[in-house]
Amino acid sequence: MAATSGPSAPVTVLLVEDDEVIRKTVGMALERYGYAVTSAGDGLTGLELFRDGRHDLLLLDVMLPGLDGIGLCRRVRESSLVPILMMSARGDSLDVVSGLEAGADDYVAKPVDTAVLVARIRSLLRRATFSAAAEEPPKPGAGLIFGDLTIDTDGLEVFRDGEQVALAPTELRLLLEFAANPGIVLDRQTLLRNVWDYGWDGDSRVVDLCVQRLRKKIGAERIETVRGFGYKLRR
């Protein structure tokens, strides 16, 4: 999935930002890169637009009137694994953590650097394309097995005790990275580089919060924390 000027449909982005200047500036910048942008100035309108249309990625500001970005992210995650990128004022650590805990895949700091924003969007879309679900009904088959966890690396499906586990694209990429290195400690910078596609300007909290979400879905004991070093998948 990529933004192109060819005959295929452009990638659609739902931008929810209450500051009109930022909304227009970011929207115009994304359109110059070939994205189709739908905008909203508050969380409730953003939720309505999300439910009424098809969007490839959501770009949400944290501070929104009516329904804030954190609440909007949670509402979206109740029914969708669409990639979500949060925008937060620089230094607002609590906002960043809250957004990631709510299910966001990544975040960018405001004021937004267009080059960084587009790079993060492309990274999220690559993950989403990589983990697109198969159309046929899932059936657990041969794959990597870790206790009660089965990872079908061909069908890109995960099962726990025979039941399929719904993973967001970033969560699946993270699990596959662990599964490719069972019992090996992976530090946060390695995970940022291999899963989030960047080893620069990376915030390790993104890794930590995604690991927390993944643990809730596959079992807290499956991913071990090695203090001072990183994480590893137990065999």
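This is a predicted model: local features need pLDDT of at least 70, side-chain atom pairs count only at pLDDT 80 or more; totals for chains, interfaces and linings use all residues.

Analyst: Beyond its neighbours within four places in sequence, Asp61 is in contact with Val16, Glu17, Asp18, Gly69, Met86, Met87 and Lys110. Asp61 is found in strand E3, residues 57-61. UniProt, in an unreviewed entry, lists Asp61 as "modified residue: 4-aspartylphosphate".

User: What makes Asp61 count as buried or exposed?

Analyst: Its relative accessibility is 4%. Buried means under 20%. Therefore Asp61 counts as buried.

User: Why does Cys73 count as buried?

Analyst: The cut-off is again under 20% relative accessible area. Cys73 has 0% relative accessibility, so the label is buried. Cys210 has 1%, so Cys210 counts as buried too.

User: How many disulfides are there, and by what rule?

Analyst: A disulfide is a covalent bond between the sulfur atoms of two cysteines. The rule asks for a pair of cysteine sulfur atoms within 2.5 Å. By that rule the count is 0 disulfides.

User: What describes the packing of helix H4 and helix H8?

Analyst: Two packed helices are described by the angle between their axes and the distance between the axes. For H4 (residues 93-101) and H8 (residues 204-218), the angle is about 35° and the axes are 9 Å apart. Their crossing is right-handed.

User: Which residues make the contact?

Analyst: H4 gives Ser93, Val96, Val97, Leu100 and Glu101. H8 gives Arg205, Val206, Leu209, Gln212 and Arg213. These residues divide into 5 nonpolar, 2 polar and 3 charged.

Note on methods:
Residues are numbered from 1 along each chain as its sequence is written. Side-chain values use heavy atoms; hydrogens and water are left out. Buried means under 20% relative accessible area, exposed over 50%, partly exposed in between (1.4 Å probe, protein chains only). UniProt positions are given in the numbering used here, feature names are shortened, and annotations may be inferred rather than shown by experiment. Helices (H or I, at least four residues) and strands (E, at least two) are DSSP runs, numbered from the N terminus. Contact means heavy atoms within 4.5 Å. Axes are lines fitted to C-alpha atoms, for helices over the stretch in contact, and angles run from 0 to 180 degrees between N-to-C directions. A crossing is left-handed if the near helix is turned anticlockwise from the far one by less than a right angle, and right-handed if clockwise. Ala, Val, Leu, Ile, Met, Phe, Trp, Tyr, Cys and Pro count as nonpolar, Asp, Glu, Lys and Arg as charged, and the others, Gly among them, as polar.
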